[in-house]
Amino acid sequence: MREILFKAKRKDNGKWVEGYYQKRYDLLGNEEHLIFHADSYTVWEYAEIDPETLCQFTGFYDKNGKKIWENDICDRKEKYPEVVEMTDGDWTL
């Protein structure tokens with residue numbers, strides 16, 4: 001079973017953070033988009049993220065062992081680089 005991970009850019013500093021995504025509403029009814037991530041083995045933190053930058057982990061790795069994310073650009077040395085997308089329930093280029 002693969003781990004369902006997400007990554008997105010933090011609202012506070014613009015850096016990428018990866019972890020578990022949650023959309024929730026505050027007491028005033030405003031939407032919050034958060035990613036929960038482990039700061040250490042025992043401490044979990046969350047960061048508010050820009051939902052426009054949200055990407056899901058595909059469960060695949062490139063030849064260097066790096067995770068392949070939704071919306072990654074895959075350059076296979078062809079004329080046009082391809083983008084990783086979810087189509088009909090499967091990851092495609």
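**Entry 1: R24 and its partner**

I started at R24, which is partly exposed at 29% relative accessibility. I then looked for its charged partner and found E32, with the closest N and O atoms of this salt bridge 2.9 Å apart. I kept in mind that this is a predicted model.

**Entry 2: other salt bridges**

How many salt bridges does a search of the whole structure find? I got 5. One of them joins the side chains of E18 and K67, at 2.7 Å from N to O. I liked this pair: it links distant parts of the chain, with E18 in strand 2 and K67 in strand 6 (residues 67-69), 49 residues apart. I checked accessibility for both ends: E18 is partly exposed at 37%, and K67 is partly exposed at 25%.

Next I looked at E31 and K23, whose side chains meet in a salt bridge at 3.3 Å, N to O. E31 has a relative accessibility of 41%, so I noted it as partly exposed. K23 is partly exposed too, with a relative accessible area of 43%. As a reminder to myself, side chains of opposite charge can pair when their charged atoms come close.

**Entry 3: strands and turns**

I followed the pairing from strand 1 (residues 6-9) to strand 2 (residues 16-25) and found them antiparallel, joined by 4 bridges. F6 has G19 in strand 2 as its bridge partner. The hairpin these two strands form has 6 residues between them, and G14 in the turn shows a positive phi of about 75 degrees.

Strand 2 also pairs with strand 3, again in the antiparallel sense, over 6 bridges. Here I found Y20 opposite F36 in strand 3. This hairpin has 5 residues between its strands, and G29 in its turn has a positive phi of about 90 degrees.

Is H37 buried or exposed? I found H37 buried, because its relative accessible area is 12%, under the 20% cut-off. H37 lies in strand 3. Leaving aside neighbours within four places in sequence, I listed its contacts as R10, V17, E18, V43, W44, E45, Y46 and A47.

From there I went to V43, in the loop between strand 3 (31-38) and strand 4 (44-48). V43 is partly exposed at 37% relative accessibility. Beyond four places in sequence, V43 touches H37 and A38.

I finished with A47, which belongs to the largest nonpolar core, a set of 6 residues: F6, A8, V17, I35, A47 and I49. With neighbours within four places in sequence set aside, A47 contacts R10, V17, H33, L34, I35 and H37.

Notes: Residues are numbered from 1 along each chain as its sequence is written. This is a predicted model: local features need pLDDT of at least 70, side-chain atom pairs count only at pLDDT 80 or more; totals for chains, interfaces and linings use all residues. Side-chain values use heavy atoms; hydrogens and water are left out. Buried means under 20% relative accessible area, exposed over 50%, partly exposed in between (1.4 Å probe, protein chains only). Contact means heavy atoms within 4.5 Å. A nonpolar core is a set of buried Ala, Val, Leu, Ile, Met, Phe, Trp, Tyr and Cys residues joined through side-chain atoms within 4.5 Å. Two strands pair if DSSP finds at least two bridges between them. A salt bridge is a side-chain nitrogen of Lys or Arg within 4 Å of a carboxyl oxygen of Asp or Glu.
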